[in-house]
Amino acid sequence: MYKKLLTLLLAVASPSLFAQTITQRNPEIAQLVSEVSSDSLENYVRTLASFTSRHTLNRDEKNGMPAAQRYVLNKFNEFAKQSGGRMTAEIENFTIPADGRRITEDSPAANVIATLKGTNPADDRIFVISGHMDSRNKNVMDADGIAPGANDDGSGTAAVIELARVLAKKEFSATILFVTFTGEEEGLKGATYLADKAKEMGWNIAGVLNNDIIGNSNSSETLISDNLKMRVFSETIPAFETEQMSRQRAYTNAENDSKSRQLARYIKEVGERYVDQFEVKLIYRSDRFLRGGDQTAFARNGFTAVRMSEMNENFYHQHENVRVENGIQYGDLPEFMDFEYLRKVSAVNLASLSSLANSAGVPEEVQIDVRGLTNKSILLWKAPKIGKVKGYYVLMRETSSPMWERKFFTTEATLTLPYSKDNYFFAVQSVAEDGEESMAVFPSPLSR
Ligand SMILES: [Zn+2]
């Protein structure tokens with residue numbers, strides 16, 4: 001009887017429950033991940049929060065935004081010494097034009113950027129990790145009132161600084177930009193400036209990992225305390241889409257396969273591969289209700305961009321003036337942060353970024369043959385333009401599944417699988433010689 005019951009259980013349970021997951025860590029990336037330090041992160045956050053205000057329009061050279069920006073620049077320059085001349089840093093000044101809303105007149109502003117130049121001259125890809133320097137209190141127009149912004153977005157800024165520290169000494173094929181934006185709270189001004197510049201200059205920005213509010217692990221109202229999960233927001237219907245892209249999306253039912261969603265899946269897979277006791281949740285939204293983030297400035301220009309954020313938010317400590325009311329301490333103060341949690345989110349960024357920056361380019365002209373009525377699926381593609389590959393993974397998942405479920409390795413540039421193209425989604429990623437995977441490419445239909 002017992003045996004029969006067990007057989008029945010095995011028969012009805014999903015096969016994935018019994019499948020093993022193989023975790024293969026590149027020792028070099030694992031080493032870098034282990035160097036991400038909660039103490040360093042705490043130190044950056046406390047320093048950032050110690051400036052009176054990092055409001056975009058704050059002009060206090062001694063204790064305000066300009067001083068905070070010099071602090072970040074100095075950090076970048078200090079780390080750059082480890083890079084053998086490959087890392088450079090700058091405060092990039094620009095003007096935010098008056099917008100009749102939060103910017104009443106043309107205003108000077110600046111992003112702080114470190115660039116770690118790629119070692120392969122043939123690799124023009126740029127990967128961006130970002131956070132926003134600027135903070136605010138309740139009144140978004142108040143440029144001088146106290147606004148520590150420890151978590152929003154001292155946390156994202158700290159992650160950017162910490163990754164610059166750990167990665168400065170390492171060589172990557174692609175270029176990495178470490179960016180701390182200004183003007184996020186005024187309408188994504190700093191990110192828009194850089195995204196527009198990138199588009200104008202034809203930069204090959206292959207992925208943007210934007211970090212905004214990543215250092216708190218408990219929720220207001222629902223009182224959840226949990227440092228085991230983070231969120232990655234990715235757009236469903238791309239903010240930038242041509243008529244032709246839209247028609248193809250409808251035809252292939254690719255609503256769940258935007259480039260940003262592929263990046264989000266990549267971050268989940270690689271992040272969970274390297275960071276223990278941590279789950280990356282895919283959120284099928286470009287951002288939260290009532291809130292936005294700098295990733296959107298890039299998405300609007302057609303770049304692949306996601307937002308990393310904490311799982312449980314505490315609204316007593318966002319955009320609130322520092323005060324005690326009815327016994328509750330409000331304000332975005334470092335004492336409410338969880339620096340071990342911030343370490344994990346930063347480590348997910350580091351693992352993903354390191355893997356991406358040493359991956360080969362994505363396979364080109366990825367297609368699925370839809371010309372015939374067949375119960376097989378035929379995928380075909382061309383070698384990437386960048387880097388050497390040892391092969392490719394063809395990824396497969398049920399149409400109702402959020403994550404890729406199987407990876408078929410091949411050294412060819414085509415693969416025929418005995419699974420119906422009608423019943424699964426597929427994608428292809430390249431595998432570099434040292435094993436790093438590229439982002440997955442969803443195939444376009446080969447229909448004639
Ligand atoms: Zn923010």
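**Close-ups of a predicted model**

View A. I213 belongs to the loop between strand 5 and strand 6. What sets E221 apart is its surroundings: with 9 C-beta neighbours inside 10 Å, E221 counts as exposed. As background, most residues other than glycine have a negative phi.

View B. Strand 8 covers residues 305-310, and six of its six residues are buried. In a regular strand, side chains alternate between the two faces of the sheet. Here A305, R307 and S309 point one way, while V306, M308 and E310 point the other way, and all are buried. Strand 5 (residues 204-211) runs parallel to strand 8, joined to it by four bridges, and L209 is the residue opposite V306. Strand 6 (residues 229-233) also has four bridges to strand 8, but this pair is antiparallel. In that pairing, R231 has S309 as its bridge partner.

**View C. Strand 6, seen with strand 7.** Four of the five residues of strand 6 are buried, so the rest of the structure largely encloses this strand. Strand 6 pairs with strand 7 (residues 279-283) in the parallel sense, over five bridges. Look for F233, which stands opposite I283 of strand 7.

**View D. Helix 6 and what covers it.** Helix 6 takes in residues 189-201, 13 residues in total, and reaches 18 Å from first C-alpha to last, close to the 18 Å expected at 1.5 Å a residue. Its buried residues are K189, G190, A191, T192, Y193, L194, A195 and A198. Among the elements covering them are strand 1 (87-96), strand 2 (107-116), strand 4 (175-181), strand 5 and helix 9 (295-300). Just after the helix comes G202, with a positive phi of about 70°.

**View E. Helix 10 and the largest nonpolar core.** Helix 10 (residues 339-357) has 19 residues, which should span 27 Å at 1.5 Å a residue; the end C-alpha atoms are 26 Å apart, in agreement. Of those 19 residues, 18 are buried, so helix 10 is largely enclosed by the rest of the structure. The largest nonpolar core has 113 residues, and L163, A164, I176 and F178 have the most contacts inside it. Helix 10 gives this core its largest share, 11 residues. Both domain 1 (27-357) and domain 2 (362-446) give residues to the core, so it lies between them. For a closer look at A164, set aside its neighbours within four places in sequence: what remains in contact with it is F76, F79, A114 and F178.

**View F. Where domain 1 meets domain 2.** Contacts link 17 residues of domain 1 with 13 residues of domain 2. On the domain 1 side, helix 7 (243-252) and helix 8 (259-274) each supply at least two of the touching residues. Helix 8 gives the largest share of that side, five residues. By class, that side of domain 1 has six nonpolar, six polar and five charged residues.

**View G. I386, a buried loop residue.** I386 sits in the loop between strand 12 (377-382) and strand 13 (389-398). With 23 other C-beta atoms within 10 Å, I386 is buried. Not counting residues up to four places away in sequence, I386 touches A122, D123, R125, A360 and G361. R101, 285 residues from I386 along the chain, is another matter: the C-alpha atoms of the two are separated by 44 Å.

View H. The bond from D152 to D153 is cis, its omega near 0°. D153 is in the loop between strand 3 (125-132) and helix 5 (154-167). For context, most peptide bonds are trans.

Methods. Residues numbered from 1 in each chain as written. Predicted model: local features only at pLDDT ≥ 70, side-chain atom pairs only at ≥ 80, totals over all residues. Expected span 1.5 Å × (residues − 1). Buried ≥ 20, exposed ≤ 12 C-beta atoms within 10 Å, placed from the backbone. Core = buried A, V, L, I, M, F, W, Y, C linked by C-beta atoms within 7 Å. Domains from an automatic or database assignment. Contact = placed C-beta atoms within 7 Å. Pairing = 2+ DSSP bridges. Nonpolar A, V, L, I, M, F, W, Y, C, P; charged D, E, K, R; others polar.
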